[in-house]
Amino acid sequence: MDEREEQETQSEQEEVEEQEPEQEEEQEQEEEEPQTEDSEEENEEESEEEEEEEEEEEEEEVEIPIKRAYKAEMYKSKEELPKMIRIEASTICQLHCPSCYMRQDPEGVAKGCGNGMLSFENFKKIVDDNNFVEIELSNHGEIFLNPELVKMIEYAYQKNIRLTAENGVNFNKLTDEQAEALVKYKFGRIIISIDGASPETYKKYRVHGDFNTVINNIKKVNALKEKYHSEDPILRWKFILFGYNEHEVEKARQMAEELNMEIEFVTNWDPDFSPCKDLEQVKRLTGVEGETHTPYSRLKQFRKGEICWYYCNFLWEAPQINWDGQILGCCSLYKENFGGNVFEEGLLNALNNPKMLYAKNMITGKAPALKGIPCTTCYVYEDLVRNGGKLWVPSPNSKWNKFKAFINKFLKKNEEEPEEEYQEEESQEEEN
Ligand code: SF4
């Protein structure tokens with residue numbers, strides 16, 4: 001503890017000192033509350049358990065301050081903030097996909113991200129307050145259900161910000177106005193989830209969705225792209241490989257070509273829902289391992305430059321913000337957040353939230369797991385720990401990575417493609 005105290009900044013110490021008396025007062029008040037004799041035993045037990053849980057959470061918040069970790073990951077000014085964010089336009093979705101956690105865990109959703117939609121007013125506020133070049137709008141829900149989406153698309157275009165929906169849309173609902181805005185205001189890439197190449201296979205996972213409606217919406221956008229002589233938006237077909245649709249890989253590839261779409265095949269993350277049967281054939285046809293992979297194996301591939309590591313990198317490169325302004329951090333979180341609200345305190349303060357700073361140090365292996373930090377119970381972090389902590393997510397803010405970035409800038413290498421540059425560097429680091 002002495003070492004920590006020496007390295008904590010003054011402001012951090014003040015924060016802790018302010019929190020501790022409050023907490024002590026609350027605990028004293030709770031201890032002094034008289035118990036009525038009429039109270040039922042069950043109620044008493046329940047309320048005691050709740051109190052204990054609350055006390056535990058409060059204690060965790062007091063324990064968070066960690067000195068050097070703060071300094072290394074803290075943004076000093078707005079100029080240092082990421083130029084890309086992910087902000088959820090809608091956590092509401094009209095489909096009922098069997099493995100979707102938004103359907104399976106309504107309590108978790110209610111506790112965390114909730115069901116709601118980003119307002120144009122808040123979208124404009126965060127855009128005007130910052131200097132973004134790209135905003136990703138999709139995550140847990142369906143962005144095309146948001147009635148103010150067209151206004152956001154137009155405003156982003158005026159501000160020269162590229163919008164994307166690369167986390168995925170189901171594309172079952174698309175108004176004529178939305179379709180026109182996508183083309184007219186040059187929306188970026190849209191990834192459309194279509195698991196199958198026929199109505200019969202499609203509806204097995206995309207329950208309440210309709211294959212033909214999706215295909216017709218794609219054709220609607222294509223017709224507008226011809227009318228406006230535009231390449232945007234780029235449409236990409238995302239085909240999740242299941243046991244029941246693996247025979248339609250070639251048909252989907254052909255359809256995608258006819259529809260002027262890119263296509264990607266991805267592994268089903270839920271091993272219990274219709275896993276692929278012929279793994280060798282799937283790999284030969286798609287290049288994808290049909291079996292569910294672990295985060296640890298993905299991180300290994302990322303370090304070798306073989307894949308793009310999505311999960312934890314978002315904390316640094318494109319933090320996920322909920323429709324109501326909560327900092328979710330990465331796209332996998334829905335029932336917890338890192339504290340802070342961008343609409344209330346601005347992006348700089350929200351991203352410098354102690355939980356976020358601590359999490360960055362946790363997942364780069366510099367700080368131990370801590371209850372109350374969302375990553376602690378995340379399967380990605382658990383998998384990294386399970387593997388003995390031999391491989392950690394690299395922080396772009398590490399001295400080594402900053403030094404390499406400086407050298408590359410000096411040599412004027414690959415300045416337009418920082419993401420690829422970063423992956424190559426990691427690959428070289430692994431080889432060394
Ligand atoms: S450890 Fe999990 S919750 Fe934390 S950033 Fe990575 S994927 Fe997100």
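**Reading a helix, a lysine and a sheet**

In this predicted model, helix 9 is followed by Lys-186, which has a positive phi near 50°.

Me: Which residues of helix 9 are buried, and what do they pack against?

Reply: As background, an α-helix has 3.6 residues a turn, so residues three or four places apart point the same way. Here helix 9 covers residues 176-184, and its buried residues are Gln-178, Ala-179, Ala-181, Leu-182 and Val-183. They pack against helix 8 (149-158), strand 4 (190-193) and helix 11.

Me: What lies 2.8 Å from a polar atom of the Lys-225 side chain, then?

Reply: The backbone oxygen of Pro-233. Beyond its neighbours within four places in sequence, Lys-225 also has contacts that include Val-183, Ile-234 and Asn-260.

Me: And the sheet: what is the order of its strands?

Reply: In general, strands of a sheet pair through backbone hydrogen bonds, either parallel or antiparallel. This open sheet has 8 strands in the order 6-5-4-3-2-1-7-8, with mixed pairing. Strand 6 (262-267) and strand 8 (327-329) are at the edges with a single partner strand each, so one side of each has no neighbour in the sheet. Helix 11 packs on the sheet, touching strand 4 and strand 5 (235-241), and its direction makes about 160° with that of strand 5.

Me: How many bridges join strand 1 to strand 7?

Reply: 2, and these strands run parallel. Arg-86 stands opposite Gln-320 in strand 7.

Methods
Residues numbered from 1 in each chain as written. Predicted model: local features only at pLDDT ≥ 70, side-chain atom pairs only at ≥ 80, totals over all residues. Heavy atoms only, no water. Polar contact = N/O pair within 3.5 Å; in protein donor to acceptor, adjacent residues only side chain to side chain. Contact = heavy atoms within 4.5 Å. Buried < 20%, exposed > 50% of the residue type's maximum accessible area, 1.4 Å probe, protein only. Helix = DSSP H or I, 4+ residues; strand = E, 2+ residues; numbered from the N terminus. Pairing = 2+ DSSP bridges. Axes fitted to C-alpha atoms, helices over the stretch in contact; angles between N-to-C directions.
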